[in-house]
Amino acid sequence: MNVLSIQSHVAYGHVGNASAVFPMQRLGVEVWAVHTVQFSNHTGYGAWRGRVFDGPAIEELVEGIAERGVLATCDGVLSGYMGSADIGTAILRAVARVREANPAALYCCDPVIGDIGRGVFVRPGIPEFMRDHAVPAADIITPNQFELDYLSGIETRTLADAKAAVAAVQASGPQVVLVTSLHTEETPDDSIDMLAGANGQFWRLRTPRLSLDVNGAGDATAALFLVHYARSRSAGEALGAAAASIYGLLRRTAEAGAREILTVAAQEEFVAPSRTFPVEAV
Ligand SMILES: Nc1ncnc2c1ncn2[C@@H]1O[C@H](COP(=O)(O)OP(=O)(O)O)[C@@H](O)[C@H]1O
Ligand SMILES: Cc1ncc(COP(=O)(O)O)c(C=O)c1O
Ligand SMILES: [Mg+2]
């Protein structure tokens, strides 16, 4: 399996491609990593150095890959944080080129917009770009609850609200939706839910809430979910596999008290998670 992953990159630590690429490789996937930014470290530190690339820089690399004659062997495209709408447009052009070469290729868009508590943390214009262009073009999206609310225009308080919001977003294009970090009125305070929806069916998975504050977990989650969905074509199965790996990774990170997720030290969790959780049809 070959995945074109177009995301931010950091030299130190693990967010964006620096969080997503290795778990996919550990699962046996060839990853074609295109970086939208190259920063020293993630922006959660408050200070960083490095450069933001632009649309033409992304298109140039995709052109070079196309010149190798390999686009037809690309099974999926993964995108995450978009620095500008210009980069977003380049990503959607890459998706169109891959689909032209391989109509079966899946586009998984992590619609990074913001988070509960932090609000919108992307540049002006990006939320609208995600909602009006990127999400409708995707086969799979992996919003957190804040992003689900924005994309659907529904303020989700209950599981029924979340299901309605997923259905509303599915009507705009993506058939498979994974909601991360979901907390509804039904969710116990010491727990965290994920909700997957596909073909009119919904599955919920609940894990303990760990005491940690890290970045990059969503990027790894989208990557793992794409790979497991591409292989199984079951959103429920992909939910169970991705959630178990992420939980194992974060549990190890919390135990170590680390500021960065333990992508390398906890790599066994990507292939053989130490704990699995029931996937409940809801
Ligand atoms: N404190 C936590 N405890 C347990 N799991 C967590 C915690 N934070 C994140 N996760 C797991 O990581 C997944 C993705 O993280 P999330 O914070 O939703 O990503 P994003 O960075 O995109 O908002 C969540 O769905 C959840 O399974
Ligand atoms: C450059 C960059 N990309 C991606 C992310 C994604 O982090 P998170 O998964 O916490 O949203 C961050 C967060 O700080 C970042 O700085
Ligand atoms: Mg995210």
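In the shell around ligand 2, helix H7 gives the largest share, 3 residues, where helices (H or I, at least four residues) and strands (E, at least two) are DSSP runs numbered from the N terminus. The model is predicted, and local features need pLDDT of at least 70, side-chain atom pairs count only at pLDDT 80 or more, while totals for chains, interfaces and linings use all residues. Residues are numbered from 1 along each chain as its sequence is written, and chains are lettered from A and ligands numbered from 1 in the order in which they are written.

**Exercise 1.** Describe the shell around ligand 2.

Step 1. Of the 14 residues around ligand 2, those that come nearest are Ser 8, Val 15, His 42, Thr 43 and Asn 215; a residue is near a molecule or strand if its C-beta atom, placed from the backbone, lies within 6 Å of it.

Step 2. Two or more residues come from each of strand S2 (30-39) and H7.

Step 3. By class the shell around ligand 2 holds 5 nonpolar, 8 polar and 1 charged residues, where Ala, Val, Leu, Ile, Met, Phe, Trp, Tyr, Cys and Pro count as nonpolar, Asp, Glu, Lys and Arg as charged, and the others, Gly among them, as polar.

**Exercise 2.** Describe the shell around ligand 1.

Step 1. The shell around ligand 1 divides into 8 nonpolar, 6 polar and 2 charged residues.

**Exercise 3.** State how helix H3 (residues 85-101) and helix H4 (residues 126-137) are arranged.

Step 1. Their axes come within 11 Å and cross at roughly 5 degrees; axes are lines fitted to C-alpha atoms, for helices over the stretch in contact, and angles run from 0 to 180 degrees between N-to-C directions.

Step 2. H3 is therefore roughly parallel to H4, since angles under 35 degrees count as roughly parallel, over 145 as roughly antiparallel, 65 to 115 as roughly perpendicular and the rest as oblique.

Step 3. Ala 85, Gly 88, Leu 92 and Val 95 of H3 meet Ile 126, Phe 129, His 133, Ala 134 and Ala 137 of H4, contact requiring that C-beta atoms, placed from the backbone, lie within 7 Å.

Step 4. This contact has 7 nonpolar, 2 polar and no charged residues.

How values were computed: Contact = placed C-beta atoms within 7 Å.
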